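Here is a short briefing on one structure.

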Amino acid sequence: MINRVTVSVPASTANLGPGFDAFGLALDMRSTYTVEILPAEEKWSVHFEGMGADVLNEKGFKFVSEVMDYFERAESVHLPPLSINVHTGIPLTRGLGSSASAIVGLLSCFEVLMNTQFDTGKILKYAIAIEGHPDNVTASLVGGFTIASSDKSEVAYMKVVPQNLKVVVTVPSSFLSTKKARACLPDMYARKDAVFNIGRASMLSACIFSGNYDLLSFALHDRLHEHYREKLVTGFREVSHAADRAGAYGSFLSGAGPSIAALAEPAKAEKVAKAMQKAMIELDAGAETFILDISAQGVILQTSEDVKA
Ligand SMILES: Nc1ncnc2c1ncn2[C@@H]1O[C@H](COP(=O)(O)OP(=O)(O)O)[C@@H](O)[C@H]1O
Ligand SMILES: N[C@@H](CCOP(=O)(O)O)C(=O)O
């Protein structure tokens, strides 16, 4: 039996413009989860450190207990008392998949401790049920660029690790919860907008899977969510234009926002980052801009004992 497990889980940028609720990209920015089984008489505990730890030490307990409850119901088990330590390296509520990565990290630890295995398909199914959409959880779980599609009974995904691409992300100091950013989307779309997105999303996945980025700028456009969310995001247009003018392939709202991400050739990433940050400074808006690599790996399991894949 395994008593203690540590996993590290990447952040993600989801949607990438036209791939609403389907596309995800794992980023080289990680949180770490260590879960240890305590003696039966002890009480379970959660401790957070790192980014947003002050908020999480007040409110994170509820989120963790919801993931625990889901795992217990789905597996028909009772988790023993656990000590859970979280080191967050992902900014919270900024569109970088902090909740998706937390769900994936916690489920991975529970699966290893209770079942001595790492069943990717099962963890993915549970994580999608909790998060409500498959894009960001899939990228965090398996890494790379992912296309995921799910309904009540089935989940499917494909993964590729893009080469020669950097992700430049401007992370505003303001928060935007995914719940609020989803609430402003319409229930119905015009056929012309659906057709527009099918074309651009198909083109984008062909560019990424083939490694031919000639049509990437053309592909990185959306009509299903960005326009509706723009009003909730400071500087979306200004930062996007700045990224384009500095030579990025294109830019998009990261996940549900408010972070704004751009894809760029490695040689242009520095210039793109400076231009995006400058656009926020000119608006007098607080923000930090990062140049990130794509994480080829999703969850990384750090335990010395044997775990069945
Ligand atoms: N490591 C974590 N542990 C517990 N709860 C977390 C963690 N990371 C995120 N959360 C929860 O997820 C919320 C953010 O989720 P969401 O609004 O979807 O934004 P994001 O784009 O960052 O995922 C936080 O307010 C917090 O409740
Ligand atoms: N497809 C979802 C993605 C949400 O990602 P997050 O990183 O903001 O949680 C959406 O656009 O709502």
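Ligand 2 is surrounded by 18 residues. The closest are Ala14, Gly95, Gly97, Gly255 and Ala256. The model is predicted.

**Shell around ligand 2**
- Helix H2 (98-115), helix H4 (135-142) and helix H5 (178-183) each supply at least two residues of the shell.
- H5 gives the largest share, three residues.
- By class, the shell has six nonpolar, nine polar and three charged residues.
- Ligand 2 lies between domain 1 (4-161 + 295-302) and domain 2 (166-292), because both give residues to its shell.

**Domains**
- The domain assignment of the protein chain gives domain 1 (4-161 + 295-302) and domain 2 (166-292).
- Their centres, taken over C-alpha atoms, are 24 Å apart.
- Across the boundary, 23 residues of domain 1 are in contact with 30 residues of domain 2.
- On the side of domain 1 that touches domain 2, E1, E2 and strand E5 (145-150) each supply at least two residues.
- E2 gives the most to that side, with four residues.
- That side of domain 1 has 12 nonpolar, nine polar and two charged residues.

**Asp21**
- Asp21 sits in the loop between strand E1 (4-14) and strand E2 (23-37).
- Asp21 is partly exposed, because 18 other C-beta atoms lie within 10 Å.
- Leaving aside neighbours within four places in sequence, Asp21 is in contact with His133 and Asp135.
- Asp21 and Thr32 are 11 residues apart in sequence. In space, they are 25 Å apart, C-alpha to C-alpha.

Methods: Residues are numbered from 1 along each chain as its sequence is written. Chains are lettered from A and ligands numbered from 1 in the order in which they are written. This is a predicted model: local features need pLDDT of at least 70, side-chain atom pairs count only at pLDDT 80 or more; totals for chains, interfaces and linings use all residues. A residue is near a molecule or strand if its C-beta atom, placed from the backbone, lies within 6 Å of it. Ala, Val, Leu, Ile, Met, Phe, Trp, Tyr, Cys and Pro count as nonpolar, Asp, Glu, Lys and Arg as charged, and the others, Gly among them, as polar. Domain bounds come from an automatic or database domain assignment. A residue is buried if 20 or more other C-beta atoms lie within 10 Å of its own, exposed if 12 or fewer, and partly exposed in between; C-beta atoms are placed from the backbone. Two residues are in contact if their C-beta atoms, placed from the backbone, lie within 7 Å.
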